[in-house]
Structure formats: structure tokens, C-alpha cells
Amino acid sequence: MRRRISLRARITIGSTLVAVLLLAGASAIVYAHLTGIVADKERAILHGITEVYRGAIQEDPNERFPPPGVKQHVAIVAPDGTERMNTFPAGLLDHATEIIAEGPRLQHVRAGSKTFFVYVDPVETADGTWYVLATRDTDIAEDVLSDVVRLMVLVLAAGALVFAAGSWFVAGAALRPVDHMRRSAQTLVVSRRGELLPVGDAHDDLADLARTLNDLLERMRAATDRERQMVSDASHELRNPLAVLQAQFELIDGSDAAADATAIREARATLARLTRIADSLLQLSRIDAVGDAGSATAEQLVDAVTDRIDRLRLQSSERTPGRNVDLDFVIDVADDRVRLRVRADDFTRIIDNLVDNALSAAESEDVRILVSLAVTSDGARLAVSDDAGGFDPEVADRAFERFVRGRAPSYSGSGLGLAIVAGLAEKSGGEALIENRQGVGATVVVTFGVADD
């Protein structure tokens, strides 16, 4: 099972690793600089030693050379290659040829288990070139560098511990509001509107996170309220048709064929109403669930209008044979290249609901319905006008709410058609409006935004 590491621990570990890397890099730079200083110091010291013997050689190379100081070593090679003096550690002068060939500079030469700084100083005389080689015991420089290395390791370890402790406490202080937010979230109940996550006074990322979560929480509560209200309304709306349907089936007893036929016909009508309500509820649920409104070209919308109006004309004549329904359309497309934020099938559904609403408002009277579509580069505007007397004043303001219906006794709608229209319009970046002419008629206007490329 994978072990869980807290965010505080991860921040501390990550910060400490970064600090260790930075300290290690700084230590490496300091060590390199210090090594250069030690090398320069050794070169100056060794050059000073060779200067003493340079002067002796230039005065009289046949004289006995003085011995070097404590822990100093000198080798003098005559022009003929003989060793006039050699106090070098064992094995070091074996590299004399290579050392002399490198020229007058500070060299690192390894002899046995030790590495020495060796300096070569050529001395020109009348007999030829003498070479003075000088070195010192490596313990002197090594002790200095070893002490520095130990000090750097201690500083690195102490710095890592101090930084880890500081990161732990700083991370804890920074995450304390998050922990408080988490504990508060555990106590929240979606149905209780009074409770929200605490938002600090500081305008920082945590405060922004709390505001975002509070906004999400309130939208979840609103969605829960809508679902609860929809379930309640749906239960109420379905109860009456179901009770009527049950009563109609109870009337069918086989004793009167004509009465049974009437009851069956009425039961079918009630069942059709139940089907329309269920279909409308599914449409509303789909609108709430699907975030993308889709898109369609202006040409597709024009085809949807012409095709759907032809079908609705036929359906309206079959629905009420004795009634005169004048259903027509007007189309004005200024830019046929524009793409609108609405699917073609959703656009057709809007036309169906608006025309059906106008037919239901007219009851059994003759009615004239005009469907107008205007498309520009800024969007589309669909308007459905009728002369069915308009909305009741108390209904007009709430017409786009769910299960709101007219008071006409013959009105058989579910009260969801305009709610579906409003939902699709809002999802399409537009809106739905009612231009009510009480006693004359009404116009429902639906706008649609332009789809993003």
C-alpha cells in the first residue's frame, strides 16, 4: 500500500532539497576559490625558496648550497643533468624530466600516496640552464583544505536542518487556513444555506480558493433546490393525470361498448399528456446536464425552419380539422457564413414548443402564427407571433418558469414548453423574451449567440 505523504511534508522535503543544492553549489564555488588561493600562496612561497638558490647559482654554482628550511624540499639539476642537490621526498625526483618539461609554473605531482605542489625555476648561466625545483610537505596545504571541507560539511548539514525546520513551520503556518477550510467543509451541509467556507482578510490564493469553493457550493445548493422543486412539481403534475387515467380505466367494464370506447379514447389522450410531460422533463434534464450548446450554420437553421413549418402545418390540420390555422414564416439572412451557438435539433425543438404554445393558447379558434428568423454576423433572432389573445398578466411574468400554464380550461399543455425554450436560449448565449399584447396576441423572441471558432 502506498504510504501517504502530507502536503506539509512534501513542501518541507522539496524546499530542503532545493536549499541543500544551493548550499552545495555555493560550497563548491567557495572550495574552488579557496583552492585557487592556496595554490597561489604555495606558488609564492615556493618561488621565494627558488629565488634563494637562484642567487647562489648566479654567484658561484660551485659553492655548497645551503639546506632548505623545515618541511621544505629543494632539488637542483645542473646543465649536464647531474643532481647538485636533492632533498625531495622519495620517488618525487623520478618525475624530474616531466616536471622540467612543463616549464616554470606550479605543478601537482603525485609521489606514492601523496600529491605535492612543485615549482620549477630555470636559471640561465654561462654554462647552460640550471633548474631549481622546490616543494613543501603537502600536510600544510592539506590541513587547511581539510579544515575548510569539514567546516563546509558542518555548515551544509546545519543549514539543511535549520532550513528544514524553518520550512516545516512556515509550511504549517501557510497551510493552517487550508486545514481550517477542510474542517469547515466537513461540517457543511448542502441544504443549509447559512454555512460557507471562511474567507480570510488577505487577498491571496487561499482566499480566492475559498471564494471559488463558496461559489461552487452555492451553485450546488441552487441545483439541489431546483432538482427538489422539479421533483415536487413533477410529482404534483403527474399525480392528477395518473389519477384521471386510473379512473378512466375503471370505467371500462364491458357493459357499454360506446362508453368503453369513449373511456379508452380519453385514456389515450391522458396517456399522451403523460408522455409529453415525461418527454419535457427529459429534455429539461438534458439541458441541465449538457454543458455544450453545440452549433449550426445559418443554412441549417433556415432548413430547419422551412422543413418544420411544413410539418407543423400538416399536424395542425390533423389536430383540429375544423379550425383555420394560418402558419407562415419569414426569413432574413444577412450573413449565411455565420455559425450560431445552437444545435439544429434544439432549434427545431424551440420552434415546436413556441408554435404548440400558440396553438394551445388559441384553443379551438382560428389563429394566425408567423415565424420569423433573422441572421446577422452578430447572431440570430427567432420570433413567433400569434393573434391568440396574449398571455394573462399574472402568467406573462412567470411564463418561462416550469409548470406555469394558462388558465384556459381547454389548455392541455404541460407547462414546460417555454421553460425548455428559455433553457436552450440561455445555453446558446442568448435569451427568451415575451412581447405581450393583452387581448390581441403575443410574440416570443429567442436570440442566439455566435459560436466560437
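A polar contact, as the term is used in these legends, is a pair of N or O atoms within 3.5 Å, of which, within protein, one must be able to donate a hydrogen and the other to accept it. The model shown is a predicted one.

**View 1. Asp121 and its polar contact with Thr50.** The side chains of Asp121 and Thr50 make a polar contact at 3.2 Å. Asp121 belongs to strand 4, which covers residues 114-125, and it counts as buried because its relative accessibility is 4%, where the cut-off for buried is under 20%. With residues up to four places away in sequence left out, Asp121 touches His47, Thr50, Glu51 and Arg54, as well as Trp130, Tyr131 and Val132.

View 2. The side chain of Arg105 makes a polar contact with the side chain of Glu102, at 2.8 Å. Beyond residues up to four places away in sequence, Arg105 touches Val118, Tyr119 and Val120. Between Arg105 and Asp121 the C-alpha to C-alpha distance is 7.9 Å, at a separation of 16 residues in sequence.

**View 3. The aromatic pair of Tyr53 and Phe65.** Two aromatic pairs are found in the structure; in the pair shown here, the ring centres of Tyr53 and Phe65 lie 6.4 Å apart and the ring planes stand at 65°, so the pair is edge-to-face. Tyr53 comes from helix 1 (residues 7-59), whereas Phe65 comes from the loop between helix 1 and strand 1 (72-77), and the two residues are 12 apart in the chain. Both Tyr53 and Phe65 are buried.

**View 4. Phe347 in the largest nonpolar core.** In soluble globular proteins, nonpolar side chains tend to be buried together. The largest nonpolar core of this model has 46 residues, and the members that touch the most others are Phe347, Leu354 and Val446. Two or more residues each are given to this core by several elements, including helix 6 (298-319), strand 7 (325-333), helix 7 (344-361), strand 9 (367-376) and strand 12 (441-448). Once neighbours within four places in sequence are set aside, Phe347 is in contact with Leu301, Ala304, Val305, Val342, Leu373, Leu382 and Phe448.

How values were computed: Residues numbered from 1 in each chain as written. Predicted model: local features only at pLDDT ≥ 70, side-chain atom pairs only at ≥ 80, totals over all residues. Heavy atoms only, no water. Core = buried A, V, L, I, M, F, W, Y, C linked by side-chain atoms within 4.5 Å. Buried < 20%, exposed > 50% of the residue type's maximum accessible area, 1.4 Å probe, protein only. Helix = DSSP H or I, 4+ residues; strand = E, 2+ residues; numbered from the N terminus. Contact = heavy atoms within 4.5 Å. Phe/Tyr/Trp six-rings, centres within 6.5 Å; stacked < 30°, edge-to-face > 60°.
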